[in-house]
Amino acid sequence: MKAISAAAALLFMPATALAAQDAAPMSNITNSMAAGAEDLDVPGVTMLMPGAAGDWQGAVDRYLEGYLKDPMSAVKTVTRGPRRAVVHPDVWRSWAGAAICYSINAKNSYGAYTGTRPFLFVVDNGEVVGMLTDKGDEIWNGGIIRRECSLAADSPSAN
């Protein structure tokens, strides 16, 4: 008899068997989500706070060095400190880590400042795992940034 994958097994499993399988872990997730996103503990995500190993400000600065034309002249303002989050930039990807909101005004190739734009960085284990700005897709990315940045930052003792 051939072995079938777990996904294929789920396709052929009766609904009653699915409901009976480990309902407790799902109820924990549902209860955490009902309590609010700030209470959701994401397994395998390290919350990085200022001064911790893998400083999030250093991670963002290193990322911007490769992203901006003139990173030394960029005017960066942290508009919201780190908050544990899972950010979904599209339907295929998700980034888990500390989400930090910035407002950045940087120079373009001509040496002129382009105007302040919102940025959302997701940092995990001292590295930027995702970055969004509203440039190019103000409706979708801008909406994600506005929603995430409207939420309160975690307190420093929320590790």
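Student: What do the side chains of Asp 61 and Lys 76 meet in?
Tutor: They meet in a salt bridge, 2.7 Å from N to O. A salt bridge here is a side-chain nitrogen of Lys or Arg within 4 Å of a carboxyl oxygen of Asp or Glu. The pair links distant parts of the chain, 15 residues apart: Asp 61 is in helix H4 (residues 56-67) and Lys 76 in strand E1 (residues 75-87). Helices (H or I, at least four residues) and strands (E, at least two) are DSSP runs numbered from the N terminus.

Student: And what is this model based on?
Tutor: It is a predicted model, where local features need pLDDT of at least 70 and side-chain atom pairs count only at pLDDT 80 or more, while totals for chains, interfaces and linings use all residues. Residues are numbered from 1 along each chain as its sequence is written, and side-chain values use heavy atoms, with hydrogens and water left out.

Student: How many salt bridges does the count come to?
Tutor: The count comes to 7. Among them, Asp 154 pairs with Arg 84, with the closest N and O atoms 3.7 Å apart. Asp 154 is buried at 12%, and Arg 84 is buried at 19%.

Student: Which residues are linked in a network?
Tutor: Arg 80, Arg 83, Arg 147 and Glu 148 are linked in a network of salt bridges. Glu 148 and Arg 147 meet at 3.8 Å, N to O. Glu 148 counts as buried at 5%, whereas Arg 147 is partly exposed at 48%.

Student: New topic. How many disulfides are there?
Tutor: A search of the whole structure finds 1. The disulfide joins Cys 101 to Cys 149, S to S 1.9 Å; the cut-off is a pair of cysteine sulfur atoms within 2.5 Å. Cys 101 sits in strand E2 (residues 95-105) and Cys 149 in helix H5, 48 residues apart.

Student: What else is in H5?
Tutor: Ile 145 lies in helix H5 (residues 140-149) and is buried at 4%. Leaving aside neighbours within four places in sequence, Ile 145 is in contact (heavy atoms within 4.5 Å) with Pro 118, Leu 120, Leu 132, Thr 133 and Asp 134.

How values were computed:
Buried < 20%, exposed > 50% of the residue type's maximum accessible area, 1.4 Å probe, protein only.
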